[in-house]
Amino acid sequence: MLPRTPSTTPTAPLFQALSLGAGVQSSALLLLSAHGVLPKLDYAAFADPGWERPETYAALDRLEREVANPAGIPIVRLSAGDIRHDALDPHSRFSTMPLFVKNKDGSRGMLRRQCTSTYKIKVLLAEARRRLGAEQLPEGRVGRTKRGLFLEQWVGISTDEIHRAKDSGVSYARNIFPLLDLGMSRTDCENYLAKHGFSAVSRSACVGCPYTSDKGWRTLRDGHPEQWQQAVEFDRAIRAGSARANANGIPLRGQAYLHPSLKPLDEAPIDPPRVDRKFRHLRLVDTSERWEGDPDGCSPWACRSGSSIAREPGQAQPLGRAA
Ligand code: SF4
């Protein structure tokens, strides 16, 4: 019998990397690693679509200054461009946001979501390949990794959202979910963060994300007038859909909006209904449609807002009739 050739395929990950969105769960993972509860990360990567809320950038800066730097964990900021600019520029990439669409027959639909993949997943995976030794190609692209090499990519999924845990879809970046192993819920994460001085961590998402809840829009309008104005202007500007798609002769069959009411953002019903003082003692049932959005923000591999749906260009996924 011939002797067996020893396998050269690595059985251990070369790196431990965190997909850092600066929201509750991924921030908790960073702190847990920095505090030695979890193994030390080799790096934490923040995929920046270029239009996050100011509090997200501020939270990221603070995490870097007060947690990552002292622990020797580099935070890498990655970018595939500026989602707001790209959507409005006919010469930029064609990568649709999940915009609500008023179809010609009056029904409501939603465009397929490509932005999470373009602005988050692809840049995180390119960084993973680069660190695993893949060749740097022209125009910022990164080649393939050698067979068998892989890193472990930490994804912030807590026990209350176990159904969001997903594979990366590639063999060189294996998603792992340390919060599940620790049995930590979102509340546990919030408590851990608060104990270490990081209370009120907000969700991370683009300023003009259509998955923003009514409450989120109110917070933007009342707390960040400049970003609110950006979102209002963006909403007006995308009524005919992606500028690049139109330039490519793929017009949108309908009108696009940021809010599911299919009204301009500054006219959308984002406030709770007012109740006359004299009727306050009655338990009134609110029958108007409220938009809850995605409470956890835009997580590259765990977006609860639904997977991208391949549809014909310019066609929206049906969602039912507008309110
Ligand atoms: S936050 Fe919304 S708009 Fe931004 S990348 Fe995620 S899904 Fe797209």
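The largest pocket has a volume of about 550 Å³. A pocket here is an open set of points on a 1 Å grid over the protein atoms alone, where a 1.4 Å probe fits, with protein on both sides within 12 Å along at least five of seven lines. Of its 22 lining residues (an atom within 4 Å of a point), the closest to the centre are Lys 122, Val 123, Ala 126, Gly 140 and Arg 141. This is a predicted model, and totals for linings use all residues, while local features need pLDDT of at least 70 and side-chain atom pairs count only at pLDDT 80 or more. Residues are numbered from 1 along each chain as its sequence is written, and side-chain values use heavy atoms, leaving out hydrogens and water.

Helix H4 (residues 115–131) gives the pocket the largest share of its lining, 10 residues. By class, the lining splits into 10 nonpolar, five polar and seven charged residues.

Elsewhere, helix H1 (residues 24–34) packs against helix H6 (residues 186–195) at about 55 degrees, with the axes 9 Å apart.

Technical notes:
Points joined across faces, edges and corners; volume = space filled by probe spheres on them. Helix = DSSP H or I, 4+ residues; strand = E, 2+ residues; numbered from the N terminus. Nonpolar A, V, L, I, M, F, W, Y, C, P; charged D, E, K, R; others polar. Axes fitted to C-alpha atoms, helices over the stretch in contact; angles between N-to-C directions.
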